[in-house]
Amino acid sequence: MRISKITLTACFFLICIAVFPYQKKHLRSKNEVQVFSYEVNYKNVMPSNVLLEETAHGGADYLKKVIFLGDSRTYGLKSFAMLEGGENTKQVWTPKNGTMSIWDVQFQKIFHPESQKEITVAEAVSLDAPPVLIISLGINGVELVKKEYFISEYTKLIESIKRASPTTKIILQSMFPVCRSYTSISNSKIKEGNKWIIEVAKQTNSFYLNTAEVLSNEAGYLKEEYSTDGCHLTPLGLDVQIEYICTHTVGEN
């Protein structure tokens, strides 16, 4: 009888050891999803005229109106031939080296496809007056600068664009996250930087496009199948981005 009680107690103890790690892991995963879901729910923190919500699909006609300005994540649209004109598309504006930082961004020179010259963004906008300009900046510099500098430099860029082409609709695209395996920048900093971009959108009467939500998994990381190296997008990831852009369009007025 004594042996049976000891055996029963031991079995119960072993079962608890086996089950507890699973429960702890499960609860941690659930909390990660809740935190991420809360942080991407921007409808409660910005005016309705700033956040671009889902619309009818704009199709090829809408996409042709868009100029994409940004860093190496934007350059993927050109290198993977995702837009009209393929690798020779005129819809992607980046410096010749394919990337762009937040430092003195209004003075950085982009390669302007139409004129085949290196000029500032404001100069390019004054020449083309694009109907829609989607700006994707911040990943290069967000961990190294303070909030005040980031917002100031981003704002100066937008103000220079507005002076050069008052009719251009300006969309500030969220920085999307990196994969769990990528360690050069943290997703927490990217999320913080996106909040700064929202502030810029509010202050400059621009639009905010929350592309990050469609590229992320439940834990808030960039989906592995969407990335070439943990940070930059594959053609599949770029296609998902384009689809999101075309279903979150900016109106004519």
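Which residues in helix 4 meet which residues in helix 5? In this predicted model, where local features need pLDDT of at least 70, side-chain atom pairs count only at pLDDT 80 or more, and totals for chains, interfaces and linings use all residues, Val-121, Ala-122, Val-125 and Ser-126 in helix 4 meet Leu-157, Ser-160, Ile-161 and Ala-164 in helix 5, contact being taken as heavy atoms within 4.5 Å. Residues are numbered from 1 along each chain as its sequence is written, and side-chain values use heavy atoms, with hydrogens and water left out.

Helices are DSSP runs (H or I, at least four residues) numbered from the N terminus. The axes of helix 4 (residues 121–128) and helix 5 (residues 147–164) come within 8 Å and cross at roughly 25°, where axes are lines fitted to C-alpha atoms over the stretch in contact and angles run from 0 to 180 degrees between N-to-C directions. Helix 4 and helix 5 are therefore roughly parallel to each other, a term that covers angles under 35 degrees. The crossing of helix 4 past helix 5 is right-handed, that is, the near helix is turned clockwise from the far one by less than a right angle.

Helix 8 (residues 235–246) has 12 residues and should span 16 Å at 1.5 Å a residue, which agrees with the 16 Å between its end C-alpha atoms; the expected span is 1.5 Å times one less than the number of residues. Among the buried residues of helix 8 are Gly-237, Leu-238, Val-240 and Tyr-244, where buried means under 20% relative accessible area (1.4 Å probe, protein chains only). Tyr-244 has a relative accessible area of 7% and is in contact with Leu-209, Asn-210, Thr-211, Glu-213 and Val-214, neighbours within four places in sequence being left aside. Tyr-244 and Glu-54 lie 190 residues apart in sequence, yet their C-alpha atoms are 8.4 Å apart in space.

Thr-74, in helix 3 (residues 72–79), is likewise buried, at 4% relative accessibility. Leaving aside neighbours within four places in sequence, Thr-74 is in contact with Phe-68, Leu-69, Val-92 and Ser-136.

A disulfide is a covalent bond between the sulfur atoms of two cysteines. With a disulfide taken as a pair of cysteine sulfur atoms within 2.5 Å, the count comes to 0. The sulfur of Cys-179 is 8.5 Å from the closest cysteine sulfur, that of Cys-231, and so is too far away for a bond. Cys-179 is buried, with a relative accessible area of 1%, and Cys-231 also counts as buried, at 4%.

Conventions: Helix = DSSP H or I, 4+ residues; strand = E, 2+ residues; numbered from the N terminus. Buried < 20%, exposed > 50% of the residue type's maximum accessible area, 1.4 Å probe, protein only. Parallel < 35°, antiparallel > 145°, perpendicular 65-115°, else oblique.
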